[in-house]
Each structure stands twice: as C-alpha cells, then as structure tokens.
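Keep the viewer open and try each task before reading on.

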Amino acid sequence: MNVSINPKLSLLMETADLLFAYVNQMSPSTLTSDKPYCIPEAEVDRIMKEVCGHLDPEDAKLRFYFQSVPVDSVKSTKMGGTSVGQLLVYTNMDASGCDIQQARTIMHDYYLGTGCFYEIHNIGQFALGTRACEEYRSIAQELQKLSMPETLRLQLAEVLSNYHHHVDQICDLLEPLSQKLQPLLLPWWEQMRPWMEQWRENLSTLQGQQDFAERINLDTTNMKNLQVSFRLLRTDCSQGMYDLIDSELRCQLGLDFEPEKESAGALTSLQITALRLLASPDRIEMLRAMTNRVMTPKELTQELGMHAGTVFRDLNSMFQAHLVELVVDGIHRSYTTNTKYVNQLLAQLGGYINQKT
C-alpha cells in the first residue's frame, strides 16, 4: 500500500471547526486536549477570540451554515453535532491542505456540483457518504433514507439543490477567518512535526498499516493508497473517506490518535530518546527550574547561568520528547516541565525493568 503524509495544514477544515465551536459557544476544550503537542485550552480560547471575536454568533447566515444539529452518528464526539457548513467541507476531503481559493475550486468540481448522478448512502462524522451512480436519484428521496432531524434534512435539500451558490457562501465566510487563523496555527504545526514523523515511520511498515486498519475498523486488504492529513484543532478527529473505485482512503487524524500502540509495557523509540535526554545534569536542572513554573529561554539562561544556544537547543529537544510543554502567549514562547509525563515515563521504565517474562 502506498502511504502519503500531507505536509500542509488542513486550513479549510480547521477554520470550519473553529467557527462551528464559536457559533455554538462551545468551550475551547472541545477543540483540544492535554495530550502531547496539543494546543493548550487557554491558547485555543485566545485564537478563537482573535479569529472569530468580531462575529455575532446569532447572525442568521452564520447559524444557517454552522448551527449545531444533533445526529446519532456523532453523539460520541466532543463537539456532539454537525452543521451544513461542515458537511459540505468534509464531504470533499480532497480540499484538505489547500488554501481556501483552491478548496473552493475543488469543491465546485466535486461531482455533487457537476451534474453527475449520485447517491447519498449515509451521514457520518461531519460528512455525507456519497458516491456516483448511473441513474438519477432525487435529493429529497436520498435524504429521506437517512436518519437526521427534519430541520437538517430541509437545510441539506436547499443546499444540495443550489450547490455552487452555497459552496461560495461558505468559502466567503471562511476565507477571511482562515487568513487570520493560519499564522496563529503555524507555530504549533511546526512543533508537532515529530509526531507526524512518528506516524510516517509507523505507517511505513506492514505491521503499522495493519495496526492502523484494525484501529479504524476497516479492511485494507485491497487498498492501494492511503492519504493522511493531520489536525491541530478537533484533536479527537479520525474522519476518513474510502474511495472504492480508486481503492484509496483519505483520512484526517487528530492529536489524540496516537501513532504507536503500547505493547506489554515496552518503551517506544520516543521514550528511549526522552530517557537519554534525562541523562544530562544540565537538562535535569532545567526541568527542576521549570517545575510548576512557566519560563522563557532567556529566564532559564539567566537563572541557571547556561549558554543561550544550549538552552534553546535543549528546550527544543525536550519538547519534541514530551518532557516539557510549550506555552504561547501572543508572540512569546515559554516552557514548563511536563511533570505528569516525566513521572509516567519513569514509572513505566521501572515497570518494564521489573517485568517478569
């Protein structure tokens, strides 16, 4: 199976989900978690206010496209519902990794708007399951087959009947927000690259591919291509779309979706790296200084009398190994010891050493 990792931010989907959370006045915690590399909740709150704070969440147009509607298949997610805007954005996952203008073109060219015949076979986690077919099927009849609130059914009937107009309306709403959001997310995107590399390494092996297929409950025996994009917001995301014709799976994975399965308490390569970093007295002193404190590299340099370049390099290495957490306050970056992870790592090491065969 050919595996490709999308190196670009899925800006269209990140913006749609941020706006969805804002319109429905959801807690920033619905978009993130305390897993490694996740954006802290307070920072998500700041980003949401900076990007969406000028909008009226009661605006009729915003609520038409992004008001939450409960759907049985998405009740288990933190966001708890879906919206017409997200359904149009997620249904065409080829738009991930594009800027909004490119995404607009791709969505217009999707077969929902090309005059091709299609059927709608399910409504899933923020997306409609659609496929091309050889005979005409009315939108009303297709939607009637699916379990959803009547308000959503009527909205979808209106949107799909005038598809191109509504694609433009949604993209017009999202484009100026995406321009604000992109520079705010890029620093976090750069920091999560080690996590992406773990996925790349994991999926390069047959065992990793088999584990992945098992976890998403999908038979990948005949799958030829797997395209993976990653998400900073909505960290519980594990959205996928399988193209039967091309034997291709396109999926979005949030940061809660760990790239390695734990087995019998064995240490991962990343944990081994973290333990190597802990072998340095200077790094241990840095961790001690940052325990229950948030410090900038400059403050660490001054307090410990260390070389600024060494401090910067060690902080970056320890962040990638999960030993410290990044705290972003506007343009300033500070760090704090990830005490919980350090304690878990040392406990796991002790358990593994003492494990009986």
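**Exercise 1.** In which helix do aspartate 45 and lysine 49 both lie, and how many residues apart are they?

*Solution.* First, the ground rules: this is a predicted model, where local features need pLDDT of at least 70, side-chain atom pairs count only at pLDDT 80 or more, and totals for chains, interfaces and linings use all residues. Residues are numbered from 1 along each chain as its sequence is written, and side-chain values use heavy atoms, leaving out hydrogens and water.

Step 1: both residues sit in helix H2, 4 residues apart, about one turn of the helix. Helices here are DSSP runs (H or I, at least four residues), numbered from the N terminus.

Step 2: aspartate 45 and lysine 49 form a salt bridge, with their closest N and O atoms 3.2 Å apart. The term means a side-chain nitrogen of Lys or Arg within 4 Å of a carboxyl oxygen of Asp or Glu.

Step 3: lysine 49 is exposed at 55% relative accessible area, while aspartate 45 is partly exposed at 26%. The classes are buried (under 20%), exposed (over 50%) and partly exposed (in between), with a 1.4 Å probe and protein chains only.

**Exercise 2.** Describe the salt bridge between glutamate 43 and arginine 46.

*Solution.* Step 1: the closest N and O atoms are 2.7 Å apart.

Step 1: the two residues are 3 apart in helix H2 (residues 41-52), so about one helical turn separates them.

Step 2: glutamate 43 is buried at 4%, whereas arginine 46 is partly exposed at 24%.
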